[in-house]
Amino acid sequence: MYLDRLKANWKKWFIYSLRIALGSSLAVLTAHACGLLFYTQAGVICIFSMLTTAKDTLKLSVARLISFGITAAAAFVLFHYVPSEWVAFGIFIFITVMVSELFGWGAALSANVVAGTHFLSVDDFTTGVIINEFYIVIIGMVFAFLFNLFRATDTTKKKLDGGIASIQNEMQSILTGTADYLAGTLGDRDIWKEIDVLLSGLNRWIHLSAEYEGNSFEDNPEYYIRYFEMRERQCEILEELHAELRKIKSLPKQVAVVEDYIRYMSKYVTAMNVPTEQLARLDDIFAHMKNEPLPVTRDEFENRAVLYHILMSLEDFLLVKQRYIQTDMAVK
């Protein structure tokens with residue numbers, strides 16, 4: 001298990017570690033070249049900022065700058081006018097933590113606290129020391145942002161596009177397999193296990209989509225998350241459909257209509273197909289079943305009820321897609 005994970009991710013981890021190492025080292029080198037006090041702190045700020053996505057790094061940078069201004073002002077007043085050093089530092093920490101919690105700037109807290117210790121440790125706390133710390137923050141953030149841009153978003157986008165095509169093929173295959181099950185021609189194929197495998201794969205695609213969304217500045221990058229989450233919900237419906245199929249003791253004659261409909265529906269499992277026609281045809285099947293003669297035996301009644309639930313599950317399957325298309329069109 002661990003070796004499989006290592007083989008699958010070692011290149012990603014290597015590049016990620018290299019980016020952080022280079023970014024933080026160059027931040028320290030730049031701060032040192034500028035003759036700044038506590039120059040190693042620039043590397044630490046760079047590391048903390050690079051642990052996020054490119055978009056989050058940008059947001060965090062704004063939070064760092066604003067919170068740093070509040071931190072510096074509080075430190076300047078407290079460390080100059082409160083006689084007791086430890087009391088001043090305690091009040092400083094209290095204010096810094098409170099501001100971080102109030103505005104959701106927790107990610108910037110550690111750097112601000114370290115800046116406070118720097119202010120406290122100097123013999124002559126002047127505006128020059130604040131400017132020195134400000135430059136350190138700027139250098140750390142700049143290198144973090146620049147190195148966070150070095151991500152293979154184009155490659156990730158191609159992977160996600162390939163994932164869409166792959167998922168569609170798998171879902172079409174599973175739907176066809178479901179029709180084969182109803183026809184009694186499935187053989188040894190385990191489509192229920194295939195659904196579990198597909199769900200597991202969708203989870204990985206959703207994770208990759210979220211990573212892409214956080215690092216892409218293109219229009220509508222969250223499209224991939226919405227798409228794979230839509231397919232995940234459809235997969236869950238297919239799981240529920242499996243549970244219903246297992247309840248059928250003997251297949252009623254109406255099952256041929258359902259089998260035929262599933263084969264028809266499987267052809268339209270494409271990214272942007274609006275299932276209007278598929279829903280209309282399903283309504284016709286519901287109407288036709290209502291006009292069928294009533295079941296005579298208990299088993300016939302139970303089997304017919306299960307078949308009706310299967311059709312309702314197929315309707316949910318299509319409605320999930322319809323809502324996705326409507327949302328996607330609204331976003332665009």
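Analyst: Helix H3 (54–81) and helix H6 (127–148) each supply at least two residues of the nonpolar patch in this predicted model. H3 gives the largest share, 4 residues. The members of the patch are Val62, Leu65, Ile66, Ile70, Ile131, Phe134 and Tyr135, and together they have about 570 Å² of accessible area.

A patch is built from residues with over 30% relative accessible area and no salt bridge; like charges are joined within 9 Å, and nonpolar side chains (Val, Leu, Ile, Met, Phe, Trp, Tyr) within 5 Å. A salt bridge is a side-chain nitrogen of Lys or Arg within 4 Å of a carboxyl oxygen of Asp or Glu. Accessible areas come from the Shrake-Rupley method with a 1.4 Å probe, and for residues only the protein chains shown count as cover.

One member of the patch, Ile66, is found in helix H3. Ile66 counts as partly exposed because its relative accessibility is 42%. Buried means under 20% relative accessible area, exposed over 50%, and partly exposed in between (1.4 Å probe, protein chains only).

Local features need pLDDT of at least 70, side-chain atom pairs count only at pLDDT 80 or more, and totals for chains, interfaces and linings use all residues. Residues are numbered from 1 along each chain as its sequence is written, and side-chain values use heavy atoms, with hydrogens and water left out.

Helix H2 (residues 41–50) is mostly covered, with 7 of its 10 residues buried. These are Gln41, Ala42, Gly43, Ile45, Cys46, Ser49 and Met50. Over the protein chain, 42% of the 332 residues count as buried.

Further along, Glu170 lies in helix H7 (residues 153–183). Glu170 has 31% relative accessibility and therefore counts as partly exposed. The C-alpha atoms of Glu170 and Leu198 are 7.5 Å apart, although 28 residues separate the two along the chain.

The axes of helix H8 (residues 191–215) and helix H9 (residues 223–245) come within 9 Å and cross at roughly 165°. H8 is therefore roughly antiparallel to H9, a term for angles over 145 degrees. Axes are lines fitted to C-alpha atoms, for helices over the stretch in contact, and angles run from 0 to 180 degrees between N-to-C directions.

As for the whole protein chain, it has 12 helices and 0 strands.

Technical notes
Angles under 35 degrees count as roughly parallel, over 145 as roughly antiparallel, 65 to 115 as roughly perpendicular and the rest as oblique.
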